[in-house]
Amino acid sequence: MAIGSFLAELVSFRDAAAAALGGIADEAALEQARIEFLGARSGRLKSIQKLLAGLAPADRPAGGRHFNEAKAAVTALFSGVQERLAAGAAAPVAAGIDVTLPGEAVRFGHIHPITQTIRRVQEIMARLGFESVDGPEVEDQWHNFEALAIPAEHPARDPLDNFYLAVARGADPLLLRSQTSTVQIRVMESRRPPLRIVSLGRVYRPDTADATHYPMFHQVEGLLIEPGTTMAHLKSVLRQLAASFLGGDVHVRFRPSFFPFTEPSVEFDMEWGGRWIEMGGAGMVDPAVLSAVGYDPERVSGFAFGLGVERIAARRYGVADIRDFYRNDVRFLRQF
Ligand code: PHE
């Protein structure tokens with residue numbers, strides 16, 4: 001082969017490589033091109049190398065020199081493209097930002113209306129000196145019934161009215177607490193009077209869900225144990241709570257009622273928007289309960305009350321169906 005044709009081969013090799021590399025946009029295409037031009041087995045450079053042997057012996061040193069130059073030049077082109085791709089991969093976003101586009105709005109979450117209500121009640125009660133405490137949702141029968149003077153044969157213990165836990169079937173099966181009055185017992189068992197506590201949490205009853213019932217709901221439990229406590233103190237505390245929560249001068253009314261763990265017992269209503277609204281139950285802590293927790297009923301007395309969180313939240317926010325609180329529909333929840 002004449003040296004001239006050999007050099008022409010090298011020139012077209014360099015031109016072709018330069019043309020191919022100019023349009024390369026990713027690593028895979030670059031590798032493809034590397035194999036085509038510089039591949040050790042059947043790359044185009046390899047076939048040109050074979051032509052070297054066909055040069056006249058006198059032309060071989062010059063041919064070899066040009067060959068090495070072309071190889072170095074094309075290899076350098078490849079490195080250049082490789083660097084360009086690496087740099088591009090690191091900063092494509094910065095390069096691609098269009099500052100004239102409208103920004104993406106940050107969406108803020110917010111507190112669920114039931115949680116807002118719980119916090120508000122805790123805050124109001126804290127100002128009246130009531131400490132917020134928690135109790136377990138899985139309870140034993142002592143705290144949910146026995147210590148609250150609800151004996152074994154009492155209808156409130158009916159399996160149809162409670163979520164007993166099958167895993168603990170036995171002499172004293174556990175249950176999901178049906179009322180937060182359990183916390184009264186837990187606190188009195190572990191502390192000495194005087195006491196002012198409030199406990200807000202979930203309770204469970206197998207009710208069919210409708211506009212005013214749900215198998216899980218929340219209660220506010222209040223307990224005050226102090227010398228000289230009367231029903232008048234109970235009424236003022238409830239009136240304070242109602243007035244602070246609903247706003248304005250809210251009236252509270254007692255109606256005679258019965259709870260095994262209070263004596264006397266009342267249901268209390270609040271007057272709001274010209275109507276009396278049932279809020280919950282209350283009364284003076286029954287001496288049997290005080291004895292059950294080891295207090296001396298001759299020396300201490302106090303009151304307790306319980307009311308539904310959903311009920312007061314529904315009043316305050318004007319919600320007609322408490323199931324809306326649990327549907328997790330943001331269009332509903334966003335309003336509060
Ligand atoms: N635990 C009662 C209920 O769930 C309410 C209540 C609490 C009544 C405290 C009196 C005292 O119905």
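A polar contact is a pair of N or O atoms within 3.5 Å; within protein, one must be able to donate a hydrogen and the other to accept it, and residues adjacent in sequence count only if both atoms are side-chain atoms. Such a contact joins the side chains of Ser 178 and Asn 144, at 3.0 Å. This is a predicted model, in which local features need pLDDT of at least 70, side-chain atom pairs count only at pLDDT 80 or more, and totals for chains, interfaces and linings use all residues. Residues are numbered from 1 along each chain as its sequence is written, and side-chain values use heavy atoms, with hydrogens and water left out.

**Ser 178**
- Ser 178 lies in the loop between strand S4 (175-176) and helix H8 (181-190); helices (H or I, at least four residues) and strands (E, at least two) are DSSP runs, numbered from the N terminus.
- With a relative accessible area of 8%, Ser 178 is buried (buried means under 20%, exposed over 50%, partly exposed in between, with a 1.4 Å probe and protein chains only).
- Leaving aside residues up to four places away in sequence, Ser 178 touches Asn 144, Phe 145, Asn 162, Val 203, Tyr 204 and Arg 205, where contact means heavy atoms within 4.5 Å.

**Cis peptide bonds**
- The bond from Pro 193 to Pro 194 is cis, with omega near 0°, and Pro 194 sits in the loop between H8 and strand S5 (195-204).
- A cis bond also runs from Glu 263 to Pro 264, with omega near -5°; Pro 264 belongs to strand S8 (residues 262-272).

**Positive phi**
- Ala 149, a residue other than glycine, has a positive phi near 60° and is partly exposed at 26% relative accessibility.
- Asn 328, also not a glycine, has a positive phi of about 60° and is exposed, with a relative accessible area of 61%.
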